[in-house]
Amino acid sequence: MRHVVDARGSFCPGPITELIKTYRKAQVGDEIELLATDPAAKSDVAAWAAKSGNEIVEMKEEQGYIRMIIRVSSKSK
Amino acid sequence: MNMTRIAIVGGGTGGTILANALSRKLGEEIREGLVEVVVFERSDSHVYQPGNIDIAFRGADPAGFRRPPSNLLRRGVKLVQKAVSSIDLDNRALKYNEGEKMDYDYLVAATGSVATPELVPGLAEASLNFHKTQEDSRKIWEALSRFKRGRIVILTALPHKCPPSPVEAVFLVDELMRKRGVRRDVEIVYASPYTRAYPAHGIADVVEPEMENRDITLRSLFNIDYVDPSARKVFSLEGEELQYDLLIAIPPHRGADVVINSGIGGEEGWIPTDRHTLNIKGYDDAYAIGDATDIPISKSGVVAHLEAITAAESIASQIEGTGRVYLYNGRINCPLEMGGKRAVFVSGTYTKQPERQPPSLTKYFMKRLFNRLYWTMLRGSLEPIFNAYLGSPYEVKHRG
């Protein structure tokens with residue numbers, strides 16, 4: 001299943017908030033497509049994925065925003 | 001001529017400011033019976049929620065931070081102290097008081113958010129919090145006053161209102177333990193769901209060195225999954241665990257029951273809202289403001305305030321047929337207290353991030369002053385001062 005999270009225009013508390021909200025409900029194997037304009041989202045999402053053991057499938061600069069696709073490959077419980 | 005009714009569901013910061021702003025703008029129409037402004041608020045006590053910080057971490061008297069809603073509304077605003085049970089956006093009607101129905105011409109949902117520790121297994125049992133009631137906040141003060149040795153964990157769950165509040169709690173716990181002379185025997189840990197101590201980089205850059213200076217441990221990217229109260233351990237979605245002796249949590253929030261029960265905001269109850277017009281998506285006669293919306297902006301009193309001002313302008317414009325549309329620019333301006341009588345202001349808009357700034361005594365006193373001015377602000381008399389210093393919270397466009 002693909003979950004689309006449009007966090008464009010959000011600085012505070014930031015796209016990572018929207019990502020984690022979606023991750024909480026997602027199942028292993030799902031993909032989360034996160035759209036963000038905050039450049040800090042790239043490093044935030046990369047750090048979170050590394051720590052939580054999830055996989056970034058794509059991180060791409062589109063016109064005026066960043067598209068990130070995260071595959072849910074780990075859930076702690 | 002028919003009367004135009006504006007129904008405001010919720011008499012918190014946003015609902016009260018909006019009602020008072022409308023009563024100023026449409027005073028003549030209200031006096032002539034052409035417009036009616038109705039606020040639904042079932043509580044008999046309007047609580048100044050930032051006061052919970054003072055109750056929890058300074059032992060302040062809760063009575064100083066609450067007043068009856070009827071004392072806060074301008075003449076001409078009708079207050080109905082009953083709960084709204086459902087909102088029917090398609091038929092412009094709401095139900096209240098267990099079955100009574102009221103039709104409206106314009107609706108504003110100012111229904112707020114609800115701190116819900118029950119959403120996380122074990123959290124309600126294991127933790128104290130200052131995001132629900134004054135009584136809950138008082139319990140934190142009592143626990144901290146007794147605490148002499150061990151680890152205090154302050155933890156943030158998403159989503160929640162008032163982004164500065166967790167960090168303020170951390171600094172004020174540190175300050176209190178130092179004042180009590182027990183800081184050497186108390187470990188303070190802040191578990192942040194973000195990659196840093198504060199979601200905005202510029203503010204995190206100020207907060208994190210201060211935490212380090214005060215020997216406060218930061219555990220970043222710790223998103224709570226569940227708590228085991230018997231083992232006194234919190235577990236994160238990222239697979240980590242954290243032992244505690246005292247757990248102070250900012251619980252996850254959800255939207256109001258009336259929003260969820262009316263099928264407006266999905267299972268979490270956040271109302272789909274246009275971030276600029278503040279219309280509930282698909283309805284030009286219905287607005288949502290403050291914590292109730294799904295707009296990706298901080299849930300805070302200042303946002304509720306500025307959205308209320310913007311929505312009031314738009315509704316008055318619709319009624320008067322001026323053709324003007326008021327577009328919220330996402331302005332925020334939230335004080336963040338850092339202990340030691342110093343504070344910063346988290347200021348920004350939809351297009352401008354909060355910037356790094358040195359903490360200052362002046363900003364601390366501005367925050368303290370605002371605690372006193374809050375009740376005056378609700379009536380709208382301070383708007384010219386806010387606008388002069390901070391700029392307008394909206395842009396104006398013409399329809400069509």
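Residues are numbered from 1 along each chain as written, and chains are lettered from A in the order written. Because the model is predicted, local features need pLDDT of at least 70, side-chain atom pairs count only at pLDDT 80 or more, and totals for chains, interfaces and linings use all residues.

**Exercise 1.** Work out the order of elements in chain A.

*Solution.* Start by counting: chain A holds 2 helices and 4 strands (DSSP runs, H or I of at least four residues for helices, E of at least two for strands, numbered from the N terminus). Then read from the N terminus, which gives β-α-β-α-β-β.

**Exercise 2.** Find which elements the buried residues of H1(A) pack against.

*Solution.* First pick out the buried residues (20 or more other C-beta atoms within 10 Å of their own, C-beta atoms being placed from the backbone). In H1 (residues 15-25) of chain A, they include A:Leu19, A:Ile20 and A:Tyr23. Next, follow their packing: the partners are strand E1 (2-7), strand E2 (31-36) and helix H2 (40-52) of chain A.

**Exercise 3.** Describe how H3(B) and H5(B) pack.

*Solution.* Begin with the geometry: H3 (residues 51-58) and H5 (residues 134-146) of chain B make an angle of about 30 degrees, their axes 6 Å apart (axes are lines fitted to C-alpha atoms over the stretch in contact, and angles run from 0 to 180 degrees between N-to-C directions). The two helices are therefore roughly parallel (angles under 35 degrees). Finally, look at the residues: B:Asn52, B:Ile55 and B:Ala56 meet partners including B:Ile140 and B:Trp141 (contact means C-beta atoms, placed from the backbone, within 7 Å).

Note on methods: Angles under 35 degrees count as roughly parallel, over 145 as roughly antiparallel, 65 to 115 as roughly perpendicular and the rest as oblique. Two residues are in contact if their C-beta atoms, placed from the backbone, lie within 7 Å. A residue is buried if 20 or more other C-beta atoms lie within 10 Å of its own, exposed if 12 or fewer, and partly exposed in between; C-beta atoms are placed from the backbone.
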